[in-house]
Each structure stands twice: as C-alpha cells, then as structure tokens.
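Hi,

Here is the structure I promised to pass on. Have a look through it first, and then read my notes below.

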Amino acid sequence: VGAALPVDVLTYEEKTLCAILRVISSGFVKLWSALTLLGFYQNRRCAFRVLQASPFLLALSGNSRELVL
C-alpha cells in the first residue's frame, strides 16, 4: 500500500513454478525487497529464489556454464 511498481511477467512455467519478471532499472531494488519481505500469499507460506538478474534480457536466455561446444 502506498506505492505501485509496474512489473511484467514475461514467462511463467506452472510445472517448475519459475517466472521471468521485467521491471525498469529504478524499480529493481523495490521489487527485490518486496519479494524478500513476502512470506505469505493467500494464507499460504511462500518464498522466492532469484536465479539470475540482468539489465539485458538476452543475457537471461542462456547459461554460459552449461554451454556445450
């Protein structure tokens, strides 16, 4: 309450419960804080794990550690 931050859900996989979120750079810390502080949603416990963060969407499309040549 008191602040709004536009967040886009670019992809969401129901099976793995993974999502790619997009937010403007000035809202990154606010989004990270909100995810950290959220412990319950609709009376159910929840937690978030950030796997990657990048200012470039293309950087999220692959993992260089899993690159096979």
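UniProt, in an unreviewed entry, places a "transmembrane region" at residues 20-41; UniProt positions follow the numbering used here, feature names are shortened, and annotations may be inferred rather than shown by experiment. Over residues 20-41 the chain is 45% helix and 23% strand, with the end C-alpha atoms 19 Å apart. Helices (H or I, at least four residues) and strands (E, at least two) are DSSP runs, numbered from the N terminus.

This is a predicted model, where local features need pLDDT of at least 70, side-chain atom pairs count only at pLDDT 80 or more, and totals for chains, interfaces and linings use all residues. Residues are numbered from 1 along each chain as its sequence is written, and side-chain values use heavy atoms, leaving out hydrogens and water.

Now to one residue, Phe-28, which lies in helix H1. Leaving aside residues up to four places away in sequence, Phe-28 touches Val-23 and Ala-53; contact means heavy atoms within 4.5 Å. Phe-28 and Ala-53 are 25 residues apart in sequence, while their C-alpha atoms are 9.4 Å apart in space.

Enjoy exploring, and write back with any questions!

Best wishes
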